[in-house]
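Please look over the sequence and the fold shown below, and then follow the paragraphs that come after them.

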Amino acid sequence: MSGDRKDSPEGSVVETARLRLRRFTRDDLDALLEVFADPDARRFYPEMIEPAAVAAWIERNLRRYEEHGFGLWAMIEKESGRLVGDAGLSYQDVEGVPELDVGYHVLAAERRKGYATEGARACLDRGFRETAATVIGSIVSPANAASRGVAGRIHANVREFLRPNGVRLFYFTRRDEWERR
């Protein structure tokens, strides 16, 4: 999208009280494999068990950084310096419309600590501050209760829509709603 801010390849692109989000590097492969290694993550991302799929995920985000200035970013816990997941922005198809989507994934051992909500909220804010998007959302499987909880905390609205792989929920916030917060 023209006018999107391009990030520096080094350092943080988003910071919160406990997290630093930075661009992925190819060296993040093993840590990202760990994010998708547990049964809950595999339930929703079964292809991410393969190193080649995770490497392709990183490559897609490297291209997104160049094309849009954003993508999913490695989510680093500041105190430990450990990669605890990812969060970020990408364009996703919602009924034929490319919508700006806030995505997030967290290591099993680090879930229920608020990292996904903290990272996702910072990404939502960045998306509205630095793009012309009028709507930003999060696409969630109805069966993914944890992800629905995060999306429900950061977005103002939700609706169902149909994808080739079934019904999905589109949690979303309109720019005017975000501005009133």
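Eight strands make up an open sheet of mixed pairing, in the order 1-2-3-4-5-6-8-7, where strands are DSSP runs of E with at least two residues and helices are runs of H or I with at least four, both numbered from the N terminus, and where two strands pair if DSSP finds at least two bridges between them. Strand 1 (12-15) and strand 7 (157-163) stand at the edges with a single partner strand each, so one side of each has no neighbour in the sheet. Within this sheet, strand 4 (residues 83-94) and strand 5 (residues 97-106) pair in the antiparallel sense over 10 bridges, and Ala-87 stands opposite Tyr-104 in strand 5.

This is a predicted model, in which local features need pLDDT of at least 70 and side-chain atom pairs count only at pLDDT 80 or more, while totals for chains, interfaces and linings use all residues. Residues are numbered from 1 along each chain as its sequence is written, and side-chain values use heavy atoms, with hydrogens and water left out.

Turning to the aromatic side chains, the structure holds seven aromatic pairs, a pair being rings of Phe, Tyr or Trp (its six-membered ring) with centres within 6.5 Å, counted as stacked if the planes are under 30 degrees apart, edge-to-face if over 60 and tilted otherwise. The rings of Phe-36 and Trp-57 have centres 5.3 Å apart and planes at 65°, so this pair is edge-to-face. Phe-36 lies in the loop between helix 1 (29-35) and helix 2 (39-44) and Trp-57 in helix 3 (residues 51-68), so the pair ties together parts 21 residues apart in sequence. Ring pairs also link Phe-36, Tyr-45 and Trp-57 into a cluster.
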